[in-house]
Amino acid sequence: MKLKPLPLLLASLSGALPAAAVHAEGTITLFGMAYGQFENVSATGATNPAQDKPSRFRLSNVSSDLGVKGTLPLMDGVSGVFQYSTGVNVDNASNNTAGGMWANAKDTFVGLSIANVGTVKFGRLTGAARWNSGTPDFSPAGAGPQDNQAALSSISGQTGAGPLFNVRIDNALGFESASWSGLSVRAYFGANENKSAATVASGSLLDDKSYSLGAQYVIGPVDLRGSYEIRNDKGTLNNTTTNRTKDKDYRFGVRYTLPDKATIVAFGYDRMSFLDQDATAAQKTYIKKTGWVIGARHEFGQHVVYGGYGKAGDVSCSIASGAVCDGGNTGGKQFVVAYNFTFNKQMLAEAYVSRVTNGTRGKYDFDSGGVGGIGAGSRPTAMGFGLRYTF
């Protein structure tokens, strides 16, 4: 939704500014999405039956948001840009009771865009790993149980805290290039604002910088993407507040549009690892996991069908004491089948079925809209239908 430039908008509302003082140079756009689903979810078959989650109905918010963005030409080929964006709850706001309808901030930044070069941004930004994770996923919002990213984004509950690679980078400086003959790059630096001489918990130095790099090459029907990300001193492996921890993620993705232009097939591969050099006794010093996903989408008229299948392998790991670290039966699989009916560019209806199947010691849940608190070996299952309105 295009709005009047801000000075003109204020003038038209208040009548306080003379027309001669108004310079209609910039544009401000209001945008958003309302996306709700009615679902049935469960997680059964756990190794410990007491940890099963029986079938229940729920109304889910699927990444609904509201934002405003603007562009202001400054000189030839140079523009100032900004964006404020926040999540919005369309369900009962149970995850954010203090905030009511408002959820967590999304990409929010101020920046400078240079034609044929790229854009520099300061703010809360989507890093390269999060951007690349959606390559094999064709769900409309890249969210909800119908996204097929479980095998890429999680690690089967084998770390003390959840991986951060599909989480936006706070306090970030970023650069996103223009396309140069089909090649574009992006780079982000997450500031180490929590750097310290010592922490209360462990007396360890902290230096929590993050680095995120991505590249994309589009040639004809082929779209190739790669990313590499490091997040330092997050304490993910053993859920500790300590230094000398390093979380790494390598991701590769490719999409191919068939000659009929209506069908797209895609593949994604991920390798993540976690290192804790200060681990002691039974704590893990290292863990590694790989996963892959295939996806496809076909459009015919107002109808779209899409789906995906992903698999995460067993983890490999080591323990500080030197004891054997058993990563067996920690893998998982996911399949998704979905249908969209597109009323127009703004409104669509969707129905889907999605299931994750875990090894006997695996604890994969849906990447987004998970059942939550599942037991090892369980099978999270979801089916639902919903509506999405964008503007």
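I will start at a turn: in the hairpin of strand 15 and strand 16, which has two residues between the strands, G301 takes a positive phi near 60 degrees. Helices (H or I, at least four residues) and strands (E, at least two) are DSSP runs, numbered from the N terminus.

This is a predicted model, where local features need pLDDT of at least 70, side-chain atom pairs count only at pLDDT 80 or more, and totals for chains, interfaces and linings use all residues. Residues are numbered from 1 along each chain as its sequence is written, and side-chain values use heavy atoms, with hydrogens and water left out.

Strand 16 covers residues 303–312 and pairs with strand 15 through ten bridges, in the antiparallel sense; to pair, two strands need at least two bridges found by DSSP. Here F300 stands opposite H303.

Strand 15, residues 284–300, is also antiparallel to strand 14, residues 263–276, with 13 bridges between them. One partner in strand 15 is V293, which bridges to G268. Strand 17, residues 316–319, runs antiparallel to strand 15 and is joined to it by four bridges. In strand 17, S316 stands opposite K288.

Now the second largest pocket. A pocket is an open set of points on a 1 Å grid over the protein atoms alone, where a 1.4 Å probe fits, with protein on both sides within 12 Å along at least five of seven lines; lining residues have an atom within 4 Å of a point. Fifteen residues line this one, and I169, D170, N171, R231 and K234 lie nearest its centre. Strand 9, residues 169–177, gives the most to the lining, with three residues.
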